[in-house]
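Please look at the sequence and the 3D structure shown below. The paragraphs after them go through the chains one step at a time.

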Amino acid sequence: MLDHILSILIFFPALAAMFGFVIHKDSIRAYGIAVSAIEFVLALWLWFGFDSAVSGMQFMEFIPLIPSFGINYILGVDGISLFIIILAAFFTMIGIASLTDTKNVKNMIITLLFLQMTMVGVFVALDAIVFYIFWELSLVPMLYIIGAWGGPLRIYASVKFFLYTFAGSLVMLVGMLFMAYFYYQATIDPMTGVGVWSFAILDWYRLILPENFQLWLFAAFFIGFAIKVPMFPFHTWLPYAHGQAPTIGSVILAAILLKMGTYAFIRFSLPLFPDASVYFMFPIAIIAIVMIIYTAMVAYAQEDIKQVVAYSSISHMGVIILGTFALNVEGITGSIFLMIAHGVVSGALFLLVGVIYDRRHTKMMSEFGGLASVMPRYAAIFGLMLMASVGLPLTINFVGEFLSLLGFYQQSHMITLIAGTAIIVGAIYMLTAYKKMFFGEVTNEKNKNLPDVNKRELVALIPLSIITIWLGIYPKPILEPINNSVESVVQLMHDKAITDEAKSRIPNLIKEVEEVDISITSVEGAH
Amino acid sequence: MEIGLNHYLVLSTILFAIGLIGVMRRKNLLLLFFATEILLNSVNIAFAAISHYYGDLTGQMFAFFVIAIAASEVAVGLGLLIVWHKRHGNIDLETMTSMRG
Amino acid sequence: MEMFLYIALFAPLVGSLFATLFAASPKTLIAGVVPSLLLFISFIASSILLAYVLQTGGAIHVEMMTWMATGDLYIPFGFVVDQVSVTMMMVVTLVSTVVHVYSIGYMDHDKGFNRFFAWLSAFVFSMMILVMSDNFAGLFIGWEGVGLCSWGLIGFWYHKESATWAANEAFIMNRIADLGMLIGIFLVYWNTGTLQYDQAFAVMPSLDTEILTWMGIFLFIGAMGKSAQFPLHTWLADAMEGPTPVSALIHAATMVTAGVYLVVRANPLYDLIPDVGLFIASLGAFVAMFAASMALVNRDMKRIIAYSTLSQLGYMFVAAGLGAYWVALFHLMAHAFFKALLFLGAGNVMHAMHDELDPFKMGGLSKVMKGTFVMMTLASVALAGLFPLAGFFSKDLILEVGFVQHHYIIYSVLLFTAGLTAFYSFRLVALIFHGEERYKLFGIHPHEAYKFMLVAMSPLLLLAIVAGAMKMTYFEMVTALLPATEYHVHSEITYWIMTIGTQLFVIAAIAFAYKKYAFSKVSVPDGSSDMEKSFIYKLLYNQYYIPHFYENYFVKPYREMSHAFWKEMDILLVDATVDGIAKFIYNTGENTRDMQSGNLSTMLKWMVAGTVALLSLAVVFALAVRYLGV
């Protein structure tokens, strides 16, 4: 069964969702929890079956779809994608378990299960077309979740979310087609004059493109990824989407969907275009700085607690981007770790905002104040997540932030110094928001008798709290597999780099790691 | 003076222009059909003439296809026209704007 | 021995977790007693470790587990007990045990009794990590941990606006410095390839001086935040919003000295860059006088002591900056004892006076609070540096260091500050304990604190008196690790003149304070006296207008800029551009929908127009290809 575990991980939730249509609506909740729990167990099983010492792809599957055009169903998982898959399964599970919307629960759960299929699909696909299909499909359930269960501006927000990200992906698709065409050109056999079409990412890894091609292709992919991340100035869809989405939508969006962009940078942009990555390193680092400081300041000005968390997400994504473009093992490992960390923490923060929204049906901070005495447990968990978000050592976020910044420090001292203000500006908006909500006297009559967090909410929040601290103290189980895969990516980049600048900026690890053959020699050899 | 290919093509073009103007100007559905027929037949003339010129029968075969399709089109079109006239009492194009975007 | 190390380290954590269990329930005595007991155990374990280090002269080094490992980076949870860290451990565990026991009495009537002990023990745990770690990353864990606990404890009474504001200020200001610290750590890592103290320091002598200088500067920026050095000093005085035991433990004895500890710990680095050392010393001397001057006129009992702490931290940095690391550490230790004592005494007075902080509204309390009176007086004597109390040995030594190294400006500044210190300390004592009983006007009936609180304070009293006697033992111990420079004034006569002169100067200052505040009539200032109208008084009373400056030139612009970024940039520029593009496309569709009139005749015309346009394009292109060869 482990041979096909990735396909099972993708399609089990989808099949279960189909079956969900015939389930009675009173028992759909239990059904949803059961399905997502099974999926989570499967994801854990994947982890146990995963060999941390191997840096390349594992559990690969291969089914030809349109072989004449090189479009095939290729799946595989490595240290980079493994934990994001587990995170996706985990968040779908606790998301369904803590669901509080009572309107059309059945549709919601079915949508979530479909969404899970697309999320897992994106992270395991090793064929660009399959990747693209899942990438675009993931928009549909989210569009429905925001549009059907959202706030008053939900139609505007969902359409904006859809069209904006969709427009970016189309540019990316053009890039992918050109990449395949280039592969065809490169593999033309001089005897027959016929080349090989391939959309397999691992095939593409073996291509060394001329620098000017790299620049254009990098830009095409960048548009698609940057909108998804979202990077400044393409970020404005996010506050609307978060502002209007129901709690569960925000949680999944922040925890998993945003990570698709940063993951794709590491899966596509870095190994495919090492020279372009070096070429664009500083412009992107400057964008990252703008993201970090500017959005942190915007977050400080917000009046709505959910918007504070939404903008804080963008700020943290800036640190992730910076770590990614450090182009060394420390930085990239840190950025992947921070993706997971940010998923856990921002997901938890959105859940926490949902808790208070369920009670008061408002998210304006001015409506609150003094909640620490009314809801002490809630305040404590919120405080923990706040400190994790601020990046306090021994919480999960610190490991990622520390490594990302440490990594980039090798490339530029000045930029890291400026980007490091993340730890200051982050503290400013978070502490201010916390003070507004939890400290002071209880001035609003409506807040006097709010119930503290209940069992259903604790089911979601306690595991997240434990993960936040556990991985902060002992990140090794996750860091090690990530590190191994990242080392092979960095080595590949170094080997492929053609310009001198790129050769010197991307470290050569050949002393430390054995030669790892990460490219499959032929697609047929994979299965 | 012998009548050659050019003369047929000029005739075809003139007929096509008449048909085109008819298509643009006529407000009566029946007359629109007439104009369409003129357009089709102008093309038929060109087909037949060029076919003869090259000694290739394909063009003339196409002309027959066009005639057959034109006939069926008119048959269906006139049927619809009669139904429309029964319902609305006129066949003026200006009144048929239910497909406005 | 490793077992004792772990006991010393983790007993406070267990205590904190234990108290956390009761955090949401009303006051439970056990939630205070158990953490105190555990801290006492930690203190015993530290003492055993001290005995071990004294006996063998060696260090205990353990590596608990890996924390982070990626690429070449390897950071373990490693702990080291050597001469320096064991000194700090003794100070931390001793003072915190005292403060814990004292707090059982002090927080007696507080609703947050259990929560208080959870935070306080968590603080001790963080502080132990800070001093025991064997690498910079571990130090940073403790560094941020104490910052977090300080935030929680300053804002302990969270319903008070001023307390939560001060808590956030302290946290954010420390974060600014922590960024410097982080950059310093990055520098260490990328230049030495490791964050372990011993390995990193071993590589440093071979590095470029410029890199070492930057390293030293950035690490010191971190130290400046925690130790509240100018210009990051404003948070310390505001931190007095927290409960008084917190001020005694965190903002006098332990956390604020972390910066000094860092410089002492990094002595192999600072030895290589004497220029940075001199800067540290100069800044220290400046802060010593600057803070003392603000303490002269302040009318808040706790703030006066806070400024005094700031001033003494300046002394420590002078010693550390001039390379006299063991002197700095010695003063750190002595200061922890008498300053904690002073704060706890102030806590007793506050309780007696129902949280009144203005010493001008007290007076004559020596009659009702004999125990507290004796303790605070002796602590002040120690602070002023009179023979034979602790301050005499540690503070005078710093003066001698300045003198011996020919930094006469620093020496004179410190000497002058010693006079100021004596004056403001005894101004406080005189105002509180002597003179008329002004509190009667306010209808307060003061009472002495619980007996056991006074008993708890007595170890500190004892140490404040006798710490000086331990100087030689201490010297022999720490110089196994720190440079063993002895600071002797060469000429015997100069030495005696200096010592006696300093003593006389200090005594004169004390006498002046008594004359002005104990033996003449004192009234509650109402802003009418000539002195209060003078420029100097206003300048000092408003803390040189620095908080005012920060508020107007940093906080307010930041707030306004944030708002502008949101409302004007994000909404009006970035988002409006995106929406503009969408609107343009939408409007194009809206405008061209008229074509789709539904009128067959019109649509046929459009069709013809389209055909003509396409045909002409085809013709143009064909011609272009034929004649221009494009």
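What percentage of the 630 residues in chain C do buried residues make up? The figure is 53%, where a residue is buried if 20 or more other C-beta atoms lie within 10 Å of its own, exposed if 12 or fewer, and partly exposed in between, with C-beta atoms placed from the backbone. This is a predicted model, in which local features need pLDDT of at least 70 and side-chain atom pairs count only at pLDDT 80 or more, while totals for chains, interfaces and linings use all residues. Residues are numbered from 1 along each chain as its sequence is written, and chains are lettered from A and ligands numbered from 1 in the order in which they are written.

Chain C has 25 helices and two strands. Helices (H or I, at least four residues) and strands (E, at least two) are DSSP runs, numbered from the N terminus. Along the principal axes, the C-alpha atoms of chain C fill a box of roughly 115 × 65 × 50 Å. Two residues are in contact if their C-beta atoms, placed from the backbone, lie within 7 Å. Among contacts in chain C between residues at least 6 apart in sequence, 81% join residues at least 24 apart.

Next come the contacts between chains. Two pairs of chains touch, and the pair with the most contacts is chains A and C. That contact takes 38 residues from chain C and 43 residues from chain A. On the side of chain C that touches chain A, β1 (60–70), α5 (136–154), α6 (161–192) and α24 (546–592) of chain C each supply at least two residues. Of these elements, α6(C) gives the most, with 14 residues. By class, this side of chain C divides into 22 nonpolar, ten polar and six charged residues. Here Ala, Val, Leu, Ile, Met, Phe, Trp, Tyr, Cys and Pro count as nonpolar, Asp, Glu, Lys and Arg as charged, and the others, Gly among them, as polar.

The contact between chains C and B takes ten residues from chain C and twelve residues from chain B. The side of chain C that touches chain B has three nonpolar, five polar and two charged residues. No contact joins chain A and chain B, and their closest C-alpha atoms lie 22 Å apart.

Chain A itself is assigned domain 1 (1–267) and domain 2 (280–473), with bounds that come from an automatic or database domain assignment. The centres of the two domains, taken over C-alpha atoms, are separated by 24 Å. Their contact takes 31 residues from domain 1 of chain A and 34 residues from domain 2 of chain A. On the domain 1 side, the elements that give two or more residues are α3 (79–97), α10 (237–244) and α11 (247–272) of chain A. The largest share of this side, twelve residues, comes from α11(A).

One of these elements, α10(A), is mostly covered, with eight of its eight residues buried. Among them are A:Trp237, A:Tyr240 and A:His242. What covers the buried residues of α10(A) includes α6 (139–149), α7, α11 and α14 (305–324) of chain A.

A last stop is A:Trp197, in the loop between α7 (154–186) and α8 (201–205) of chain A. Is A:Trp197 buried or partly exposed? A:Trp197 counts as partly exposed because it has 16 C-beta neighbours inside 10 Å. Not counting residues up to four places away in sequence, A:Trp197 touches A:Phe69, A:Gly70, A:Ala180 and A:Tyr184. A:Tyr184 is 13 residues from A:Trp197 in sequence, and the two are 5.1 Å apart in space, C-alpha to C-alpha.
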